[in-house]
Amino acid sequence: MIWDPRHECIDREQMRKLQLQRLKETLNLVYHRVPFYRELFDGHGVRPGDLRSLEDIGKFPFTTKLALRDNYPYGLFAVPMKDVVRLHASSGTTGKPIVVGYTKRDLDTWADLIARIVTLAGVTDEDVAQITFGYGLFTGAFGLHYGLERVGAAIVPSSVGNTEKQILIMKDFGTTVLVGTPSYALHLAEAAGRMGIGPGDLKLRVGLFGAEAWSENMRAELERAWGIKATDNYGLSEVMGPGVSGECIEARGMHINEDHFLVEVIDPETGEPKGPGEEGELVITTLTKEAFPVVRYRTRDITALNYEPCACGRTLARMRKVTGRTDDMLIISGVNVFPSQIESVLMEIGGIAPHYQIVVGKKGYLDVLEVRVELTEQAFTGSFRDLEALEERIRSRLQGVLSIGAKVRLMEPFSIERSEGKAKRVVDNRPK
Ligand code: DLL
C-alpha cells in the first residue's frame with residue numbers, strides 16, 4: 001500500500017513544478033518574517049524574486065547549525081507564538097539546544113509524512129507498535145506516535161528505559177512493530193535473550209529504526225536477533241524530526257518526502273553541488289513548514305541521491321543510508337576514519353557482541369586508536385589462544401579497511417555501557 005500515491009508516485013516534471021512553487025513561497029515567507037534570513041539574503045545580494053528555477057537555489061546562502069544556535073530559542077520562528085502549538089528541541093550534546101516550533105498545520109503535515117514512512121515499511125492498522133524512543137523534547141517519539149496513530153496502528157507508548165518491562169510488554173501485548181534507535185533495539189534483543197525470550201515467543205515482524213547511523217551488518221544482526229524486517233528512517237529536529245525519508249520494503253535507499261523537502265548534496269569542503277550517486281553532505285530546504293522553515297540547511301549528514309524509479313512504484317528520490325556525519329569523521333594520524341567503517345568490520349566477525357567503543361588518545365605526538373570490543377559469553381569462556389587469534393583477526397581487518405593500525409581491546413561480556421537512546425560510540429581524549 002502507498003499512503004499518498006498522488007504525491008509519492010508523481011512524475012518528475014510535476015514534482016519539480018510543485019517544488020518550485022513551494023520554494024518561492026518559503027523564500028518569501030522567511031525573507032518577510034524572519035530578520036535573520038532577510039539579513040543573510042541581503043548580505044549575499046539575493047532576493048526571493050531571484051529564484052526562477054529550482055537550480056537557482058544555488059544562489060542562496062547556506063544556513064548552519066551555528067546560526068540556529070545563535071538565534072536560541074525563538075529567533076528563527078516565522079509565525080507569532082500564538083500560532084505555535086508544539087515545541088521540541090534537538091538533543092544538542094554541547095551548548096544550547098536548538099528549539100523548533102510547529103503550527104497546527106505543521107503537526108498535521110508531520111503526522112501525514114510519518115504515515116507515509118511507516119506505510120513504506122509495511123505497517124498497517126492491524127499492527128501493534130511499541131515506541132521505545134523517549135517521549136519528551138526529542139522529536140522521535142511524538143513524531144512516530146502521531147503518524148502511526150494516523151495509520152491506525154495500536155500504539156504502545158512505552159518510551160525509553162525499563163528494559164525488562166519493555167520485553168514483557170512486547171510479549172504480552174503482542175507487539176508487531178518495534179520503534180526506536182537501532183542500538184537500543186540491540187540492547188533489548190540481548191536482554192530478551194537473557195530472559196529466555198526469543199523471536200518465537202513474540203509477534204514482532206517489523207523494526208522502524210532511525211535517529212542514528214547503523215550499518216548493513218547491524219541490520220542483519222537485528223533481523224536475525226528479532227526475526228524481523230528492519231527498516232531505516234531518517235530525519236532531524238532542525239527540519240521536522242523523523243519524517244524526512246524512510247525505506248520501503250525494497251530497502252534500497254530511503255524515499256525522501258520531496259514535496260515537502262528540497263534536497264541537495266554538496267561537497268562539504270567547497271559547497272559545490274554533487275550529481276546523483278555522488279557522495280556528499282545533505283542540504284535541506286523545507287517547502288511547507290510554517291513555524292520553523294529552514295533554507296539550505298547543512299545537515300552534516302553524508303549520503304548520495306538516487307532518482308531511479310523504485311520497484312515499489314514510488315517516484316520519490318531516494319537517499320543512501322547515512323554512513324556518518326561530516327563532524328563525526330575522526331582524523332587519526334592524518335587518515336579519515338568514520339565510526340561506521342569500524343562498525344562494519346566488527347559486525348562481520350563472529351564471537352563478539354555488537355557493542356563497541358572507539359577511544360582515541362595521544363601518545364607523545366602520535367594519535368592512538370583503540371577499539372574496545374565486547375566478547376560474547378561463549379567466546380569469553382574460550383581458550384586464551386582463541387582470544388588472541390580473535391584479537392588479531394579484528395586488528396588485521398581494521399588495518400585493511402582503515403589503512404591505519406588500531407589497538408584492539410577485548411572486553412568482558414556486558415562491560416560496555418548500553419545506550420537507551422542514541423549510542424555514544426566515540427570517546428576522543430585528544431587535547432583540543
Ligand atoms: O534523530 C530525528 C529522528 C527521530 C529520526 C527518530 C529518525 C527517527 P535529532 O535528534 O535532531 O533528530 O538528530 C538528527 O541524527 O542529523 C543524523 O546525523 C542522525 N540520524 C537521524 N536519523 C538517522 C538515520 C532525530 N536513519 C541527526 N541514519 C541527523 C543515520 C540518522 N543517522
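**Notebook: strands, a histidine and the ligand shell**

I started at Gly246, which stands opposite His255 in E9. This is a predicted model, and local features are taken only at pLDDT of at least 70, side-chain atom pairs only at pLDDT 80 or more, while totals for chains, interfaces and linings use all residues. Residues are numbered from 1 along each chain as its sequence is written, and side-chain values use heavy atoms, with hydrogens and water left out.

**Entry 1**

I followed E8 to strand E9 (residues 254-256) and found an antiparallel pairing over three bridges; strands count as paired if DSSP finds at least two bridges between them. Strands (E, at least two residues) and helices (H or I, at least four) are DSSP runs, numbered from the N terminus. Six residues lie between E8 and E9 in their hairpin, and in that turn I noted Ala251, with a positive phi of about 50°.

On to E7, which also pairs with E8 in the antiparallel sense, here over four bridges. Gly235 stands opposite Pro242 in E8. The hairpin from E7 to E8 goes through four residues. I checked how covered E8 is, and seven of its seven residues are buried (under 20% relative accessible area, with a 1.4 Å probe and protein chains only).

**Entry 1: around the ligand**

For Asp301, a polar side-chain atom lies 2.6 Å from a ligand oxygen. For Asp232, an N or O atom of the side chain is 2.7 Å from a ligand nitrogen. Ala211 uses its backbone: an N or O atom there lies 3.0 Å from a nitrogen of the ligand. On its own the ligand has 600 Å² of accessible area, and the protein covers 94% of that (Shrake-Rupley method, 1.4 Å probe).

**Entry 2: His145**

I went back to H6 for His145, which sits in this helix (residues 139-151). Why is His145 called buried? Because its relative accessibility is 14%. Its side chain makes a polar contact of 2.8 Å with the side chain of Tyr135. Beyond neighbours within four places in sequence, I found His145 in contact (heavy atoms within 4.5 Å) with Ile131, Tyr135 and Ile155.

Last, I looked at strand E5 (residues 177-180). In a regular strand the side chains alternate between the two faces of the sheet. In E5 both faces are covered, with Val177 and Val179 buried on one side and Leu178 and Gly180 on the other.

Strand E3 (residues 128-131) runs parallel to E5 and is joined to it by three bridges, and Ala129 stands opposite Val177. Strand E6 (residues 206-210) is also parallel to E5, with four bridges, and Val179 stands opposite Leu208. Between E5 and E6 the chain crosses through helix H8 (residues 182-194), and I noted this β-α-β crossover as right-handed: with the strands pointing away from the viewer, the path from the first strand over the helix to the second runs clockwise.

Notes: Buried means under 20% relative accessible area, exposed over 50%, partly exposed in between (1.4 Å probe, protein chains only). A polar contact is a pair of N or O atoms within 3.5 Å; within protein, one must be able to donate a hydrogen and the other to accept it, and residues adjacent in sequence count only if both atoms are side-chain atoms.
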